[in-house]
Amino acid sequence: MLLVLVQMGLLIACGFAWKQWAPRHIPALAHRRALTDLVFFILLPALVLDVIWGAPIDETSLKISLTAFSGLLTAGIIMWCLLRFIKTTPEQKGALMLAAIFPNVTYLGLPVTNQVLGSWSNAIVLQYDLFACTPALMTFGILMAHYYGGAGQHKVHPLKELTRVPPLWAVVIALLLNVLHVPRPELIHHTLSTLSGGVVPLMLIALGMSIRWDSLRLRYLPLLLPVAVITLLLVPIAVFFTGGWFDLPADIALAVVLLAAMPTMVFGVVICERYQLDSPLYAAAVTLTTLLSVVTLPLWFHYLPGV
């Protein structure tokens, strides 16, 4: 696991270096958005379509989804209770809630589990994210950001937000093809696999371009420590016990706990900026939890009891 994280860290470092020294005729933010848009609108839907089309969709898929929801619910309840005793602004509360609840399942979880567990885990990652995390983010997460943020005059419709997520469209199409037992032509499979090959490296490079070292300030530390404890320790514990209650197979149980132990989701920065939450605080949470996950993820992988 540690060797895998080091290898991925090199790609993340490449992204950070590119942000610092990329040609200045295009702004650094434009470079990152071009990469993330390419992944979000083309490469990730191709991966979703290819994997879900050929994956077994059964009772285990429902268990994975419910287990993922248990992690989100655990994080939300704990963070909400803690914020009742921590002096913060509404914009900080919204940013901290988002940071604690939603893990970086796709942008980091997919590369980690792919390298450590094998390509079979891609289906687990996509089900964990697209059957639970993304729908929750684009409904509850958006409503929460709207409530705490300064964009109160901006009406938001959660279902409309869901229609703007290309990977979810890919899930719907793939599920239809799967349940109708439509054969997957080799040419289409090869094309989708070729496109999917760019997802992992580009995600890691984009993650490196998203890390903001300048956001790590000492005054943020009391606010960030609860987020780190919830995200990296408490949520994986809750998911471990939920997965055990659902009697998930050992390999799948390991995968979902690793996904639950991922650091804060990068995409939340976009939501914070859109709804005028505390973006620097959220960026600091992403940076801190990503750094700490280099230590916590190998511990979960090597010392997870009963798996």
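A residue counts as buried when its relative accessible area is under 20%, as exposed when over 50%, and as partly exposed in between. The exercises below concern a predicted model.

**Exercise 1. Burial of helix α5**

Find which residues of α5 are buried and state how the helix sits in the structure.

Solution. 
- Step 1: helix α5 spans residues 105–116.
- Step 2: the buried residues in α5 are Val105, Thr106, Tyr107, Leu108, Gly109, Leu110, Pro111, Val112, Thr113 and Val116.
- Step 3: these make 10 of the 12 residues, so α5 is largely enclosed by the rest of the structure.
- Step 4: just past the end of α5, Gly118 has a positive phi of about 115°.

**Exercise 2. Two salt bridges**

Solution. 
- Step 1: a salt bridge requires a side-chain nitrogen of Lys or Arg within 4 Å of a carboxyl oxygen of Asp or Glu.
- Step 2: Arg184 lies in the loop between α8 and α9, while Asp50 lies in helix α2 (residues 28–54); at 134 residues apart, the pair links distant parts of the chain.
- Step 3: Asp50 is buried because its relative accessible area is 8%, whereas Arg184, at 32%, is partly exposed.
- Step 4: Lys63 and Glu59 are four residues apart in helix α3 (residues 59–83), so about one helical turn separates them.
- Step 5: Glu59 has a relative accessible area of 55% and is therefore exposed.

**Exercise 3. Packing of helix α6**

Classify the packing of α6 (residues 121–148) against α8 by angle and handedness, then treat α6 and α12 likewise.

Solution. 
- Step 1: α6 and α8 pack at about 140°, and their axes are 11 Å apart.
- Step 2: that angle makes α6 oblique to α8, since roughly antiparallel would need an angle over 145 degrees.
- Step 3: the α6 and α8 crossing is left-handed.
- Step 4: the axes of α6 and α12 (residues 250–260) come within 10 Å and cross at roughly 50°.
- Step 5: α6 is therefore oblique to α12 as well.
- Step 6: the crossing of α6 and α12 is right-handed.

**Exercise 4. A nonpolar patch**

Name the residues of the nonpolar surface patch and check the exposure of Val172.

Solution. 
- Step 1: Val172, Leu176, Val179, Leu180 and Val182 form the patch, which covers about 440 Å².
- Step 2: Val172 belongs to helix α8 (residues 166–179).
- Step 3: with a relative accessible area of 45%, Val172 is partly exposed, and so passes the requirement of over 30% for patch residues.

Notes
Residues numbered from 1 in each chain as written. Predicted model: local features only at pLDDT ≥ 70, side-chain atom pairs only at ≥ 80, totals over all residues. Heavy atoms only, no water. Patch = residues over 30% accessible without salt bridge, like charges linked within 9 Å, V, L, I, M, F, W, Y side chains within 5 Å. Areas by Shrake-Rupley, 256 points an atom, 1.4 Å probe, with all protein chains shown as cover. Helix = DSSP H or I, 4+ residues; strand = E, 2+ residues; numbered from the N terminus. Buried < 20%, exposed > 50% of the residue type's maximum accessible area, 1.4 Å probe, protein only. Axes fitted to C-alpha atoms, helices over the stretch in contact; angles between N-to-C directions. Parallel < 35°, antiparallel > 145°, perpendicular 65-115°, else oblique. Left-handed = near helix turned anticlockwise from the far one by under 90°.
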